[in-house]
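Here is a short report on aromatic rings and the charges beside them. Look over the model, then read on.

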Amino acid sequence: MGGHEGFSNQRLSSATWFSHFRASALRSKSLPPPSSQTAVRSTSGDSLVRRLGLFDLILLGVGASIGAGVFVVTGTVARDAGPGVTISFLLAGASCVLNALCYAELSSRFPAVVGGAYMYSYSAFNEITAFLVFVQLMLDYHIGAASISRSLASYAVALLELFPALKGSIPLWMGSGKELLGGLLSLNILAPILLALLTLVLCQGVRESSAVNSVMTATKVVIVLVVICAGAFEIDVANWSPFAPNGFKAVLTGATVVFFSYVGFDAVANSAEESKNPQRDLPIGIMGSLLVCISLYIGVCLVLTGMVPFSLLSEDAPLAEAFSSKGMKFVSILISIGAVAGLTTTLLVGLYVQSRLYLGLGRDGLLPSIFSRIHPTLHTPLHSQIWCGIVAGVLAGIFNVHSLSHILSVGTLTGYSVVAACVVALRLNDKKDRESSNRWTSSWQEGVICLVIIACSGFGAGVFYRFSASVIFILLSVGVAVVASAVLHYRQAYALPLGSGFSCPGVPIVPSVCIFFNIFLFAQLHYEAWIRFVVVSVLATAVYALYGQYHADPSMLDYQRAPETESDA
């Protein structure tokens, strides 16, 4: 009898645990209307300071997106797509514009708090979805920061070796890394030092870090403009023919590769709590920075493919060697300086975004409260910022993180897709709240099912395209996505966001296209990236089950305090 009672109690305990887990995982966060312009209060009683103007936000987005890739990726893709690489960048840019429209609406809708994609998914869907989005994004950020810091160390050494006295005398552990234990470890000292310096700048405050980003971003933009103007006089239009030597498929494949050259505009959304006029400036900053990047990329592509036949382009430093072949060595030196400036700003903004995401989760209780503390005088999330610098520094100092590049971009594509889905889900929620009909709950569920079908169709089309399956299967996948989008469009009703300064046009079609193309790109990633997505999701769920569900509290934010402006500080 006692054994039977023990078994019953065990079953009851398990049922209670799963009931609590389900209730916690499915709860969502209610945020105040953006018109209230409220700010959150950290555990220390101090909020972040609003010091970023519109120009700062645009430079932040450009700084995050334009890195060394503008001097390398353009030539790498051009070797396959030919001059058609220009179309590749145009297609990828158009896709990112659609994603940016979704980000712009949500950043305008919830301008008072940090969190970006994490915060949007917490409000539109539920707690477990938000936590999974955070973990996937954060892994991308941590590995990406370590990888970029190593590249920055290599470029810095290359610049130092321009001086004859230093050429060939700088050890490997200062630049590319010294292999240890048969390649298992790769020692690098300079990369962690650079990360420590940038972390120190970020800890000083958003005004100081914004000033550094502005100077470095302006430097690299000026250098890119010089490259475009100088190269324009060396263009031979005969090099643009044939424009797409390997057909449109090579151009489309190139678009999937260069898509990641635009990643970074979402950094603007994560600066919401430090923007002076977030509801107006965030959408403009997101779209403005992206349009600047598109223009610069297209200009570089046209110059590069016009100066040198695409088949003769170098894979490692195509732009620098193109100018060297024309006897313009000074431009090659400028390109190296631009690469250093580009990597520096990309790394600086990446570390900045990471700390703000940790800050958001610390405030919500999904991570220990130490991450939510803001320094009372510096007005920066000091503990979160130092933690991000330490993680990236350890990875960069002892591992060859470049070898992990093939599992990157999973978090970015996942985050972009969820943000697009958030636009649809929140619009449906708005309509549900305004209509007194029981139908809207099932209607919201129907909308989410359609979004999932679109995502699955995008993955299917991507897999069929990747493995050169019959075009019939690709068209079938596209057809399923079109039907699901039609159901979203004709069977649902969408409310315009209340109090939002910007509304994404074409809802639900624009978000549907975003989701389809993002997941299509997801299917082009290395299969190890798919494994990473599954493994990390399982581990994140375990962490949430053991810690997050017991400590998270969506109502713990304090909206009573108005945000500080620079003049208040």
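Is F459 buried, partly exposed or exposed? F459 is partly exposed, with a relative accessible area of 28%. Its relative accessible area of 9% makes F522 buried. Buried means under 20% relative accessible area, exposed over 50%, partly exposed in between, with a 1.4 Å probe and protein chains only.

This is a predicted model: local features need pLDDT of at least 70, side-chain atom pairs count only at pLDDT 80 or more, and totals for chains, interfaces and linings use all residues. Residues are numbered from 1 along each chain as its sequence is written, and side-chain values use heavy atoms, with hydrogens and water left out.

**Ring pairs.** The whole structure holds 23 aromatic pairs. Rings of Phe, Tyr and Trp (its six-membered ring) pair if their centres lie within 6.5 Å; planes under 30 degrees apart are stacked, over 60 edge-to-face, the rest tilted. F459 and F522 form a tilted pair, because their ring centres are 6.1 Å apart and their planes stand at 55°. The pair links distant parts of the chain, 63 residues apart: F459 is in helix α16 (residues 439–466) and F522 in helix α18 (residues 509–524). Helices are DSSP runs of H or I, at least four residues, numbered from the N terminus. Ring pairs also join a cluster that includes Y103, F259, Y465 and F520.

**Charges over rings.** NZ of Lys or CZ of Arg must be within 6 Å of the ring centre and within 35 degrees of the ring normal.

| Charge | Ring | Distance to ring centre |
|---|---|---|
| K29 | Y122 | 4.8 Å |
| K249 | Y465 | 5.0 Å |

**Whole chain.** Buried residues make up 55% of the 569 residues.

Definitions and conventions:
Helices (H or I, at least four residues) and strands (E, at least two) are DSSP runs, numbered from the N terminus.
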